[in-house]
Structure formats: C-alpha cells, structure tokens
Amino acid sequence: MSSDGSGRIAVSLGPAPIPLAGPLRVRRAATIAGALRSGLRILDLTDTPGPATAWEFARDAAAELWTDLTVVVAEAPTGEPGSPAPARVAVVRPNAPAPGTGAARNPESGVRFSELGAAEAGIAAAASAGARWVAVPGSLLAAPRLISLAPLARRAGAELLLTNPHADGRLDGLWLNDGLGIDSRRTHPVDFREIERAYAPVLALRFLTESRRRTLPQAAVAFAWAIGAIPSVRFRDLAQVAAFGRPLEIAPLADAELERLSTGDLPRRAD
C-alpha cells in the first residue's frame, strides 16, 4: 500500500463558539493568522457554531490572505456586496447532492458526515452523486476503517477532508493533560491505572514515533496524507502550528507503517 499524501493541511476553527471579545478571541485570531502566514491555505469552518460569525471572524483573521484561501463551510455564505471573497468556497452539507442536480455538478459541493459509521454507509453514494468534497471524522485511532473508506472518495475524484485528526486531543496531548490537571470537582485522586486503560489505544501507536523522525501529532497529520486526505487541524496556539503545522517538516508514513495500521497489527498493552 503506497502513500500519496497531498501535503495540505486545513486550519479548523474547531467546535467552540467564537468569543465576542477578550484575550481568547485575540489568541484564536492570532493562531489562525499564524497558521495561514506559515503557508496553509484551507480554512474549515464546518465545526464552528454560528456560520455567519465564523465567516466574519475568519475573514478578519486572514486579512490580506483571505482572497487566496479555500474556505470549507456548512452553508453558503451570503456576504456583503463588494466584500472580498475567498479564492474558493466549498459547501459541505449533511446530505449528498442528488444525481443530476445543479448542486451535484457544482465542483465545490459536497457532503459532511458526523460519524464514521455514516460515512462508511454513505460515502460511495455521495461520491457517485457528484460530491466533490467529502468531510469524514476520524483519526489514527480508527486507521483500518479509514484506510478502507478513503479509496471510495478518491476514486470518484472527491477531495477527502479528515476532520478531528487528533481525536479530540488524544493525539496531541490535550486529553492526557486535562486528565492529570487539577480539578476541584474531583472527589478522588487520579486513578493512573484507569488513565492507562483509557490511553492504551494511543500507546499502541508509539511505533510511529520510535525512530524519533516524528511526534505523534505529526504522525496523525501524516496518516491523513497517506490515505489521500486533507487533515483539518484544530490548532490551539502558535506553538502547535510550529510543532505540527509545517508540512515540509513532517516525515511521511512508510509503507510498512501504513500496512501495520491497516491490519490492526499494533502492540498490545500487557495487564
């Protein structure tokens, strides 16, 4: 199985509402601007509540780069007359365009699946109906399923957007940090064996980092490329952009690594 990653990374605004003001809004805008200045040219707004607010926020953060971008949205923006537009707008909706409709012939139309199981059941029909973009949730933690699913979109010529490639923080350190962090609501000490059990699927991926050629967050991005997808990354700050948002600094997965992921031949934790 050979890899054919595109080397592209989408910048996701993530599922949190856009702050109206304050330091969180400033930091979030600075992170997006920094990612775009580093050379990334795809913005994913599909997870973010308030499409109009997300569009305006993204446009302001992108500044002069806005007209160079591909922006992926859940619904078509109306926009103000005379306001600048991105180079491309891809609209991905929960339902695939019907065969023979104008939407199906639109090269920027597509479908967004909220669950991997739904994508497995519907991706072939969506691609054959004319979806040019297909957004699918998933990460290395579901590698065998994604490796089987990805060719269905690629054979139809659709762009495959892999949303949540870091598995809600499991593959970039956030989940573990939160689990060990101070929580005044916790009535019992941290159960390290429970954390170990919950984190076992992540530990099973350590073979991807053994050579020190890449970190696990970088491996999550490289996996998306290896299956022909564009990872849509929720960068939390500029440090993450530097750590795993620079395509030229990420070592691609070897064929043997991808084969191991496809068969589920992963190390098992000993109890």
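Axes here are lines fitted to C-alpha atoms, for helices over the stretch in contact, and angles run from 0 to 180 degrees between N-to-C directions. With that in hand, here are the close-ups, all taken from a predicted model.

**View 1. Helices α1 and α2 crossing.**
Two packed helices are described by the angle between their axes and the distance between the axes. For helix α1 (residues 23–37) and α2, the axes come within 8 Å and cross at roughly 60°. Angles of 65 to 115 degrees would count as roughly perpendicular and those under 35 as roughly parallel, so α1 and α2 are oblique to each other. The handedness of this α1 and α2 crossing is right-handed. On the α1 side, the contact is made by Arg 25, Arg 28, Ala 29, Ile 32, Ala 33 and Leu 36; α2 brings Phe 57, Ala 61 and Ala 62.

**View 2**
Eight strands close into a barrel, running β1-β2-β3-β4-β5-β6-β7-β8, with parallel pairing. From one strand to the next, the twist averages 25°. Zooming in on one pair, strand β6 (residues 133–137) and strand β7 (residues 159–163) line up in the parallel sense over five bridges. Within that pair, Trp 133 stands opposite Glu 159 in β7. Helix α8 (residues 216–226) packs on the sheet, where it touches β7 and β8 (229–233). The direction of α8 makes about 150° with that of β8.

**View 2. Helix α8 under cover.**
How many residues of α8 are buried? The count is 11 of its 11 residues, so this helix is mostly covered, buried meaning under 20% relative accessible area. Among the buried residues of α8 are Leu 216, Pro 217, Gln 218, Val 221, Phe 223 and Trp 225. Several alanines are on that list too, including Ala 219, Ala 220, Ala 222, Ala 224 and Ala 226. After α8 comes Gly 228, which has a positive phi near 80°.

**View 3. Pro 231 in strand β8.**
Pro 231 sits in strand β8 and is buried, with a relative accessible area of 0%. Along the sequence, Pro 231 and Ala 10 are 221 residues apart, yet in space their C-alpha atoms are 6.0 Å apart. Leaving out residues up to four places away in sequence, Pro 231 touches Arg 8, Ile 9 and Ala 10, along with Leu 162 and Pro 165.

His 166 lies in the loop between β7 and α6 (174–180). Is His 166 buried or exposed? At 5% relative accessibility, His 166 counts as buried. A polar atom of the His 166 side chain lies 2.9 Å from the backbone oxygen of Pro 217. Apart from its neighbours within four places in sequence, His 166 is in contact with Leu 171, Asp 172, Pro 217, Ala 220, Val 221, Val 233 and Phe 244.

Look for Thr 48 in the loop between β2 (42–44) and α2 (51–62). Thr 48 counts as buried, at 5% relative accessibility. Which backbone oxygen lies 2.7 Å from a polar atom of the side chain of Thr 48? That backbone oxygen belongs to Gly 14. Not counting residues up to four places away in sequence, Thr 48 touches Leu 13, Gly 14, Ala 16, Ile 18, Arg 28 and Ala 54. Arg 28 turns up in View 1 as well, as one of the α1 residues in the contact with α2.

Most residues other than glycine have a negative phi, and most peptide bonds are trans. Ala 63 is no glycine, but its phi is positive, about 55°. Ala 63 lies in the loop between α2 and β3 (70–73), and is partly exposed with a relative accessible area of 42%. Arg 212, also not a glycine, has a positive phi of about 60°. The loop holding Arg 212 is the one between α7 (192–203) and α8, and at 77% relative accessibility Arg 212 counts as exposed.

**View 4. The whole chain, for orientation.**
Of its 271 residues, 44% count as buried. Among contacts in the protein chain with a separation of 6 or more, residues 24 or more positions apart account for 67%.

Notes:
Residues are numbered from 1 along each chain as its sequence is written. This is a predicted model: local features need pLDDT of at least 70, side-chain atom pairs count only at pLDDT 80 or more; totals for chains, interfaces and linings use all residues. Side-chain values use heavy atoms; hydrogens and water are left out. Helices (H or I, at least four residues) and strands (E, at least two) are DSSP runs, numbered from the N terminus. Buried means under 20% relative accessible area, exposed over 50%, partly exposed in between (1.4 Å probe, protein chains only). A polar contact is a pair of N or O atoms within 3.5 Å; within protein, one must be able to donate a hydrogen and the other to accept it, and residues adjacent in sequence count only if both atoms are side-chain atoms. Contact means heavy atoms within 4.5 Å. Two strands pair if DSSP finds at least two bridges between them. Angles under 35 degrees count as roughly parallel, over 145 as roughly antiparallel, 65 to 115 as roughly perpendicular and the rest as oblique. A crossing is left-handed if the near helix is turned anticlockwise from the far one by less than a right angle, and right-handed if clockwise.
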